[in-house]
Amino acid sequence: VQVMESGGGLVQPGGSLRLSCAGPAIRFNIPAMGWYRQAPGQERELVAVHTREGSTVYAEPVKGRFTISRDNEKNTLYLQMNSLKPEDTAVYYCNSYVRWYESSWRAFGSWGQGTQVTVSS
């Protein structure tokens, strides 16, 4: 297993969760890593990117609510999710290597099995 996500669950609207992604593929020298999500019946979409230099990129629907970070010593990528909304319900995946390619962020690394996030009252 190259990456494994954890931290998902059921939360009420307005609540918070922190997702983690760990594994041997999460290495400090990787230029960029990312979080994606896939809701039922929809395509997988980018949520956030974290570069080796510390820059971050967020999808418009999560700006101001989600924060991506990584701990190089622990080989772990995080996604702090605050002010959760029902439309955030999805399976969340991390990818160990993403890069800007043909005008969009593309995933080229290992996928985990995903972690389910459900936002509901």
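These notebook entries record what I looked up in the structure, which is a predicted model.

**Entry 1: the sheet**

I began with the strands. I found an open sheet of 6 strands, with mixed pairing, in the order S2-S12-S9-S4-S5-S6. Strand S2 (9-11) and strand S6 (56-58) stand at its edges, and each has a single partner strand, so one side of each lacks a neighbour in the sheet. I noted that neighbouring strands are turned by 20° against each other on average, direction ignored. As a reminder to myself, strands of a sheet pair through backbone hydrogen bonds, either parallel or antiparallel.

I then examined one pairing. Strand S9 (residues 90-95) runs antiparallel to strand S12 (residues 115-119), and 3 bridges join the two. Which residue of S12 is the bridge partner of Ala-90? I found that it is Val-117.

**Entry 2: the disulfide**

I looked next for disulfides and counted 1. It is formed by Cys-21 and Cys-94, whose sulfur atoms lie 1.8 Å apart. The pair links distant parts of the chain, since Cys-21 is in strand S3 (residues 17-22) and Cys-94 is in strand S9, 73 residues apart. The torsion about the S-S bond is about 45°, so I recorded the disulfide as right-handed.

Are these cysteines buried or exposed? Buried means under 20% relative accessible area. Cys-21 has a value of 0% and is therefore buried. Cys-94 is also at 0% and counts as buried.

**Entry 3: the aromatic rings**

I counted 5 aromatic pairs. One of them is formed by Tyr-36 and Trp-111; this pair is edge-to-face, with 5.1 Å centre to centre and 75° between the planes. Tyr-36 belongs to strand S4 (residues 32-38), while Trp-111 is in the loop between strand S11 (104-107) and S12, 75 residues apart. Tyr-36 is buried at 6% relative accessibility, whereas Trp-111 is partly exposed at 35%.

I also recorded the pair of Tyr-97 and Phe-108, which is tilted, with 6.2 Å between centres and 45° between planes. Tyr-97 is in the loop between S9 and strand S10 (98-101), and Phe-108 is in the loop between S11 and S12. Tyr-97 is partly exposed at 28%, and Phe-108 is partly exposed at 41%.

Ring pairs also link Tyr-36, Tyr-93 and Trp-111 into a cluster.

**Entry 4: charges over rings**

Lastly, I looked for charges over these rings. The charged end of Arg-44 sits over the ring of Tyr-93, 3.7 Å from its centre. Arg-99 lies over the face of Phe-108, 4.7 Å from the ring centre.

Technical notes:
Residues numbered from 1 in each chain as written. Predicted model: local features only at pLDDT ≥ 70, side-chain atom pairs only at ≥ 80, totals over all residues. Heavy atoms only, no water. Pairing = 2+ DSSP bridges. Helix = DSSP H or I, 4+ residues; strand = E, 2+ residues; numbered from the N terminus. Axes fitted to C-alpha atoms, helices over the stretch in contact; angles between N-to-C directions. Disulfide = S-S within 2.5 Å. Buried < 20%, exposed > 50% of the residue type's maximum accessible area, 1.4 Å probe, protein only. Phe/Tyr/Trp six-rings, centres within 6.5 Å; stacked < 30°, edge-to-face > 60°. Lys NZ or Arg CZ within 6 Å of the ring centre and 35° of its normal.
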